[in-house]
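Visitor: Please show me the sequence and the structure. Then I would like to go through them one question at a time.

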Amino acid sequence: MLRGENVPEQVFEVMSITAELFRDQIVGMYLYGSCVLGGLRPNSDIDIFGYCFVREPLAVWKNKLEQMLDSNSWNF
């Protein structure tokens, strides 16, 4: 996926935050839903599935997810 292919900038922000938090644990990130099918509207949600291979305790995993959700990087 390349920038400029009608993909909202927020998708790249989410990918960047996820990559920062999970580094080499990311197996893949998949964009799906209306964004891929061409039905994205200004107030649509953006569906992203991230698949990670994690060998950390559950508490560490939950902390990273909380950091991702509470991130000040969200500009939308």
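Visitor: Is arginine 23 buried or exposed?
Guide: Buried means a relative accessible area under 20%, exposed means over 50%, and partly exposed lies in between (1.4 Å probe, protein chains only). Arginine 23 has a relative accessible area of 60%. It is therefore classed as exposed.

Visitor: What kind of model is this?
Guide: Residues are numbered from 1 along each chain as its sequence is written, and side-chain values use heavy atoms, without hydrogens and water. Local features need pLDDT of at least 70, side-chain atom pairs count only at pLDDT 80 or more, and totals for chains, interfaces and linings use all residues, as the model is predicted.

Visitor: In which element of the protein is confidence lowest?
Guide: Confidence here is pLDDT, the predictor's own score for each residue, from 0 to 100. The protein averages 79, and 86% of the residues score at least 70. Strand 1 has the highest confidence, at 88, while the lowest, at a mean of 80, belongs to helix 3.

Visitor: In what order do the elements of the protein run?
Guide: Helices (H or I, at least four residues) and strands (E, at least two) are DSSP runs, numbered from the N terminus. The protein has three helices and two strands. From the N terminus on, their order is α-β-α-β-α.

Visitor: What is the phi of arginine 23?
Guide: Most residues other than glycine have a negative phi. Arginine 23 sits in the loop between helix 1 and strand 1. Although it is not a glycine, its phi is positive, at about 40°.

Visitor: Which residues does glutamine 25 touch, leaving out those up to four places away in sequence?
Guide: Glutamine 25 lies in the loop between helix 1 (9-22) and strand 1 (26-32). It counts as buried because its relative accessible area is 12%. Contact means heavy atoms within 4.5 Å. By that rule glutamine 25 touches Tyr51, Cys52, Phe53, Val54, Arg55, Glu56 and Lys64.

Visitor: At what angle do helix 1 and helix 3 cross?
Guide: Two packed helices are described by the angle between their axes and the distance between the axes. Axes are lines fitted to C-alpha atoms, for helices over the stretch in contact, and angles run from 0 to 180 degrees between N-to-C directions. The axes of helix 1 and helix 3 (residues 58-70) come within 10 Å and cross at roughly 150°.

Visitor: What does that make helix 1 relative to helix 3?
Guide: Angles under 35 degrees count as roughly parallel, over 145 as roughly antiparallel, 65 to 115 as roughly perpendicular, and the rest as oblique. Relative to helix 3, helix 1 is therefore roughly antiparallel.

Visitor: How many residues of the contact of helix 1 with helix 3 are nonpolar?
Guide: Helix 1 brings Ile17, Thr18, Leu21 and Phe22 to the contact, and helix 3 brings Trp61, Lys64, Leu65, Gln67 and Met68. Ala, Val, Leu, Ile, Met, Phe, Trp, Tyr, Cys and Pro count as nonpolar, Asp, Glu, Lys and Arg as charged, and the others, Gly among them, as polar. Two residues of the contact are polar and one is charged, while the nonpolar ones number six.

Visitor: How far apart in space are cysteine 35 and isoleucine 46?
Guide: Cysteine 35 is in helix 2 (residues 34-37). With a relative accessible area of 12%, it is buried. Cysteine 35 and isoleucine 46 are eleven residues apart in sequence, but C-alpha to C-alpha they are separated by 6.6 Å.

Visitor: Which residues does phenylalanine 49 touch, not counting those up to four places away in sequence?
Guide: Phenylalanine 49 belongs to strand 2 (residues 47-52). At 43% relative accessibility it counts as partly exposed. Its contacts are Gly28, Met29, Tyr30 and Tyr32.
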